[in-house]
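This report describes one protein chain, from its overall make-up to selected local features. The sequence and structure are shown first.

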Amino acid sequence: GYSVKECKEMPDFPANLLVKEDQKKFSRLFKSALVKRSSLEDYDFHLIHRDGTLKWLSTSWQPIYNKQGAYIGLRTSIRDITGRKTAVSELIRKTNTLTILNEVAEKLAEAKTEEEIFNFIFDKISGITSPILSVFASFKDDMFTVRNVSKLDDRIEKAIKLLGKPL
């Protein structure tokens, strides 16, 4: 979001654009690299874009030398990895949800009574999300009937849709 000129004019660039939690560590690593002439690969941090959005970036650097072999600074590269971080977070969330739903399916297959089914579901459902809990809330107070058990597949389908895209 900033021009090259603006970046060059910023004191302590890019650390001044990082979220507070990342500023000290980034500055310490970068200043140490300048002094020790060391390399770093793929250090991830949060940056606040000019438009106010939070971005994930990854940086790498290595020392550079002139033709005479004298150290002249660091070559740095910074990549926007927001999409990758978002995808990984979503993958973890869906994996956790699928794990819980798999446990539920296994327990349903093993259950001997309707009460076992409902008790297990209500123990596990709180670990998914509160919208999913609301799908089952009205179900909990109903009598344990064959009619209600037959609705369970519909309730689970609705719960999965609340998670977003079909799993």
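## Overall architecture

Two residues are in contact when they have heavy atoms within 4.5 Å of each other. On that basis, of the contacts in the protein chain between residues at least 6 apart in sequence, 41% join residues at least 24 apart. The model examined here is predicted.

The secondary structure of the protein chain consists of six helices and three strands. Read from the N terminus, the order of the elements is α-α-β-β-β-α-α-α-α. The chain has 167 residues, of which 30% count as buried. Its accessible surface amounts to about 11,300 Å², and carbon and sulfur atoms account for 56% of that area.

## The largest pocket

The largest pocket holds about 300 Å³ of space. Its lining is made up of 15 residues, and those nearest the centre are Gly-1, Phe-13, Leu-47, Leu-57 and Ile-78. The elements that contribute two or more residues to this lining are β1, β2 (54-65) and β3 (71-80). Strand β1 gives the most, with three residues.

By class, the lining of the largest pocket comprises 10 nonpolar, two polar and three charged residues.

## His-46 and Trp-56

His-46 belongs to strand β1, which spans residues 40-48, and Trp-56 lies in strand β2. The side chains of these two residues make a polar contact at 3.4 Å. Beyond its neighbours up to four places away in sequence, His-46 touches Leu-18, Val-19, Asp-22, Leu-54, Lys-55 and Trp-56.

Is Trp-56 buried, partly exposed or exposed? The cut-off for a buried residue is under 20% relative accessible area, and that for an exposed residue is over 50%. Trp-56 has a relative accessibility of 25% and therefore counts as partly exposed. With neighbours within four places in sequence left aside, Trp-56 is in contact with Asp-44, Phe-45, His-46, Arg-79, Asp-80, Ile-81, Thr-82 and Lys-85. Trp-56 and Gly-83 are 27 residues apart in sequence, while their C-alpha atoms are 8.3 Å apart in space.

Most residues other than glycine have a negative phi, and most peptide bonds are trans. Which peptide bond is cis, with omega near 0°? It is the bond from Phe-13 to Pro-14. Pro-14 is located in the loop between α1 (4-9) and α2 (20-36). Phe-13 is also one of the residues that lie nearest the centre of the largest pocket.

Asp-12 lies in the loop between α1 and α2 as well. Although Asp-12 is not a glycine, its phi is positive, at about 60°. The relative accessible area of Asp-12 is 44%, so this residue is classed as partly exposed.

Asp-42 is a residue of strand β1. Its phi is near 55°, a positive value in a residue other than glycine. With a relative accessible area of 46%, Asp-42 is partly exposed.

## Summary of the local picture

Strand β2 contains Trp-56, whose side chain makes a polar contact with the side chain of His-46. The loop between α1 and α2 holds Asp-12 and Pro-14.

Terms used: Residues numbered from 1 in each chain as written. Predicted model: local features only at pLDDT ≥ 70, side-chain atom pairs only at ≥ 80, totals over all residues. Heavy atoms only, no water. Helix = DSSP H or I, 4+ residues; strand = E, 2+ residues; numbered from the N terminus. Polar contact = N/O pair within 3.5 Å; in protein donor to acceptor, adjacent residues only side chain to side chain. Buried < 20%, exposed > 50% of the residue type's maximum accessible area, 1.4 Å probe, protein only. 1 Å grid on protein atoms, 1.4 Å probe; cavity = no way out; pocket = protein on both sides within 12 Å on 5 of 7 lines; lining within 4 Å. Points joined across faces, edges and corners; volume = space filled by probe spheres on them. Nonpolar A, V, L, I, M, F, W, Y, C, P; charged D, E, K, R; others polar. Areas by Shrake-Rupley, 256 points an atom, 1.4 Å probe, with all protein chains shown as cover.
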